[in-house]
Structures are given as C-alpha cells and as structure tokens.
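User: I would like to go through this model with you, starting with the strands. Please keep the answers plain.

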Amino acid sequence: MIVESAFRVGRQNHVAFEPRAVVARYEDGRFHIETSTQVPWTIRNATARFLGVPASQVRVTVPPVGGAFGLKFDIAVEPFAALLARATGLPVRLENTREEEMLTCLFRENAEISIRSAVTRGGEIVGREAVVLMDCGAHGGEQIFLTTMTAHTLGGNYKLGSVRLVSRAVYTNTAPNGAFRACNGVYNTFALERHTDEIAAALGMDPLAFRRRNVLGDGDLGATGQVFEGNVLGPMLDRMDTLRPRQAAAEVRDGKLIGRATTVGTWFIFVGPSAATLNMNADGTATLVTSGVEIGSGSMVQGLPQIVAATLGIRPEDVVVRAADTDSAGYDVGVGGGRTTVSLGAASLAAATEVRTKLLRVAADMIEASEGDLILREGRVEIGGAPGSGVPIATVAARAQSLHGPVAGTGAFTRGGVPAMPGCAAGHFIDAIDIPVFAVHDCEVAVDPDTGHAEVLNYRVVQDVGRALNPRAIQGQIQGGVVQGLGYALHEEVTIDDNGRVRQSGFETYRLPLALDVLPVEIALHEGAPSIGPLGVKGAGEVPILNVGATIACAVANATGKRVQELPLTPPRVLALLLDRTEDLALPHIAPRWEDNLVAPHGSGAR
C-alpha cells in the first residue's frame, strides 16, 4: 500500500525578550564588542572579516543573554557598531527595537512537506520518499545547512526500507529565515507523525501499535545509514503508558470534541569544538574559564559547576564560572543545539580531572599516603574509609601553589564522529548523529465545534536525558519548551503581504501564549540511554519543543475526524476544517517515479 501526505507550516518569530544589542569600543587599535549572542567566536571572526582586520584585534565579551532560541547564532548588528566606534572614537550602542526585531528576525522558516510511504499489510515500512521545501528568504545564510537536518528529522524515528529524502532551500523576496530551537525538526516531526497516523488509519491499525512495531531500536539503521545504539523509544512508550489515562482517542464531552494522541520524536545534540581552563584557588574555590554563554538554560550556572564540583569534591557554589571572553577563553563553536552541558561539560570535566590529579599528588606527600587511596569530598582530601584523616582542599591548593605555581588544568572536546553509510549523506553538515535524543509526548485537547477554538487540557512528556544532573532544571526546560510549542501549534504565525513585508510588527499583532494558555506538564525523565557526553549526560534544552506541534495536531485530528495538514491550528483554520471548507494539500510535487529527479539542487538526499 502507498500512503501519501502533504503538509504546510508558517513562520515563527523567536521573540527573545532581550533584543539583539551591542556595545562596541575602539581603544588602542583594538575593538571590544560586548554583545548579546550565542556565538562569541563567530562574532569575533566575522566582525574581523567585515572590518578587514586580523581577528586578534577583536575582543568579544558576552554577559548573560536574555533569550536567544537560535536567533543569536550568527552575526547581526555587531560589525556596524564596531565600524561606528572606530569612526567616532567613542563607545557606540546599537539595540533593535521590538518592531525591528519582529520585522528582521531570522524566523523559523515556512515550509511545505510531502511524504509518501510504501507499507505492507502487516505494518512494515518498506519504502519512504519525502520532499521538503524550506523558505530561505532573500539570503541563504544558515538555511543551507539546515536543509541537511531533514535526513534526521524525517528519518530518525522509524525503521525504514529504501529511503529518499530531499530538502530544497528556496529563495524568496522576503526577510531571511534561520535556526530556531529544534530547527526544521519541529515541522518535520509534525508532518511525519501526522503521516504516521494516516498510515495507521489506512491499514486499520492502532497508531500506537504501529509506532511500537516500527520505532528505531538497538542496531537499526537510520536514514543516513547510521547504526543506532540502545533500545530507547520502546521503553519510553512503555513509560508513557503508565502516565496516560486509559481512554479512547476521541469522545464528546460537554459539547466539546475531545481528542488524544501520542507521538515520538528524534533530535540530536549538536556537538563540536569546545575548550575549558580551570584554575584552583588557594581558598579552595575554582574558577572556570570557557567561551560558553548563559542563554537561560542554566547550563553555565548549574550544569558545569556541578560537573567540576563533583570532580574536585567541592560545592557547586564554590565554582566561579567566568563570562565568555574571547581574549581569555579557547575556541568554542557556540551555545545552542543542547550542546553546552555536553561539549563544554566534557571540556570542563577534562580540565577538572587534570587539576584533581595535581591536587592528589601534593596531598599524597602531605598526608603520607598513596594517591590511589585518597578521595576528594566535602572540601577535603581524605584517605578512603577514614573520615577526618586528611586536610582541607584549600590547604592542599595553597601548598601546591607554593611548590609548583598556579594549579590549573585545560580540557577540550569535539564531536565523536559516528559514521554514516558511504554515499548516503556525503557532504551533509551533520552526516550522522553523535548523540541522538528521543522524546515521547502525549496530550488531550478539547475543540469547540462552534468556534474552532482548540484547548490543550493536559500534556505529558517522557524525555531521554542520558543522565539527569539536575532534574528540576531539566523539568523547567521541558515546561518552557512545551509552552513555546503551544504557541507554534495554536497561535503564532508570521504572515507576509503581497510586497514581501512582514505584517506582524509587535506583540499587539503577534499572538504569543499567555499566562492562561500555560498548563502544567507531567514529566518523566528517561535515563540510561547511551551517550558520549560527560557522565552520560545529554543536552535537554532543545528537544522539548520538538513534538508539541505534532502531538496537538494529531489530537485535533482525532477529535474532529478531519485531516490536519497545516499549522498553526488557529480557530478560523480549525473551524474551516470542521465545516469542510479546506482543500487537501498536495504540496510539493513528488515525481511519480522514484528514479526521476534523483539530484536535488541546494539540498540533501539520503539513500
């Protein structure tokens, strides 16, 4: 049986509460740029190229950032402020107004997705083809590498037979688009999970049974030929079963149409180069120097101090994390993609391990014991099994400094390099996923048949976290990600007029989730899945938004009995569904023969 589906999504604005802003100075022949960014080294190097000066003449520092979500993963106003600072000899501040942010934001792109699958009567997926058209706007920028993520967001949930996935970046005379939390995964997961429900309906199978039969497990191949490790999604679906009430997928209650749905999703941790330096102070505290940026996830102020503190036997509050400064910290590819606790955490762990080794060497002489018998805990170096036998770490640090100089360690980390199948994804920005992350979401919605208003009644998440260093912080990220996803699913849409201009210029015209739209999320953290991250961790901040649009759309489809093909599900759009005033989408075109159109310009193809 061949099942075909087509979907369409609109643009979403990041709406970081702190706009893009910079203060630039030109002093003693060097530029100092203090900016709100996720990528201090990118700002340094790009600004230097823009100004035609060596990168060493540009220093970038970053205070805590008031929201980003991918908006600040590239250069913005920084070079202009630097140019003006050099021209005037005075500090220059540039800050976007809210209107400027709304009109020039690198939106989550609008897209059109077509998927067709060949399935057996028993529910095996033996072939899949998909085409994704992604609106670049007027300039390519980040959009080119984002096309390559389709191989994972459309090919990472289920076991597949023959696969062909194509992404095309389409240039239009509109404001540019770019990276936004879980990039193209949010709408590709929406399309894939709606398509999955449509397959199950065509086969007469229970949607959950179909998913259980086909989700990736240990040793299965992803779309790029990557071999996945660990059986993760199956147990996560089992865990969701314990959270979900035993109820039908649809019913009528108090005149409202009630629908329920469960979806799965696969994302990845964006690893890459990171560096860390750790200095042990004579008072028993430690100073961590990295190019990491605190963007609200808590990784810089919670995750990294926990990793360092656990290694050195001190309290997390005794670890001072320096703000990013390209003059003092090593290269880092940037904060985003859930990579902070993984990449910077691994570099910090390596630096802390070096410091630990130096402390134990000095302590062994002081206590007259073997290094292997010593442990660091609660601010002391002691002989294992003999509490009170040692000395404070501060005493050891001071002794080490007097004998050998400053006690410091350095660490570095880059990607693990999981292989893809040769020829499947050659030239991709990400050929294979070093650290896959899985999610299972479930929700119940109520649709008012008179108005088309869809209300989410309850929401549940089971998320793969590898190892949870700080469960409460992860739960906060999941709660926030779900709320942001509610906006994408039900309210938020940037529209373009006939002249290519953005219609929404502020909060008056762009509908964000409000306090009354927020609902508590029931959360279960799944630990134990394989990870190359330090201590087995996986980044937890990016993936919570991944499934939200898909889950709500599937629940609304179940509630209404209608084919949901478009997001957001605003009341007029849902009412049109109920009144059968919509036409089935058939975009973009898929060639009738698989051998046609094998080469996709500006895009990615999988086997």
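User: Which residue of strand 6 is the bridge partner of arginine 8?

Analyst: The partner of arginine 8 in strand 6 is glutamate 112. Strands here are DSSP runs of E with at least two residues, helices are runs of H or I with at least four, and both are numbered from the N terminus. This is a predicted model, in which local features need pLDDT of at least 70 and side-chain atom pairs count only at pLDDT 80 or more, while totals for chains, interfaces and linings use all residues. Residues are numbered from 1 along each chain as its sequence is written, and side-chain values use heavy atoms, with hydrogens and water left out.

User: In what sense do strand 1 and strand 6 pair, and over how many bridges?

Analyst: Their pairing is antiparallel and runs over eight bridges; a pair requires at least two DSSP bridges between the strands.

User: What does strand 6 pair with on the strand 7 side, and over how many bridges?

Analyst: Strand 6 also pairs with strand 7 (residues 125-137), in the antiparallel sense and over nine bridges. Within that pairing, isoleucine 125 of strand 7 is the bridge partner of valine 119. The two strands make a hairpin with five residues between them, and glycine 123 in the turn has a positive phi of about 100 degrees.

User: Is strand 6 mostly covered or mostly open?

Analyst: Strand 6 (residues 111-119) is mostly covered, with eight of its nine residues buried. Buried means under 20% relative accessible area, exposed means over 50%, and partly exposed lies in between (1.4 Å probe, protein chains only).

User: Which residues other than glycine have a positive phi?

Analyst: Among them are valine 15, at about 50 degrees, and phenylalanine 69, at about 65 degrees. Most residues other than glycine have a negative phi.

User: Where do they sit, and is each buried or partly exposed?

Analyst: Valine 15 occupies the loop between strand 1 (2-9) and strand 2 (21-27), and its relative accessibility of 8% makes it buried. Phenylalanine 69 belongs to the loop between strand 4 (58-62) and helix 2 (78-88); at 31% relative accessibility, phenylalanine 69 counts as partly exposed.

User: Which residues does the cis peptide bond join?

Analyst: The bond joins leucine 567 and proline 568, with omega at about 0 degrees. Proline 568 is in the loop between strand 22 (566-567) and helix 14 (571-578).

User: Turning to cysteines, how many disulfides are there?

Analyst: The search of the whole structure finds zero disulfides, a disulfide being a pair of cysteine sulfur atoms within 2.5 Å.

User: Finally, what lines the largest pocket?

Analyst: The lining has 48 residues, of which Ser297, Gly338, Gln477, Gly541 and Glu542 lie nearest the centre of the pocket. Strand 10 (256-268), helix 9 (299-312), helix 10 (340-367) and helix 12 (471-491) each give two or more residues to the lining. Helix 12 supplies the largest share, five residues. A pocket is an open set of points on a 1 Å grid over the protein atoms alone, where a 1.4 Å probe fits, with protein on both sides within 12 Å along at least five of seven lines; lining residues have an atom within 4 Å of a point.
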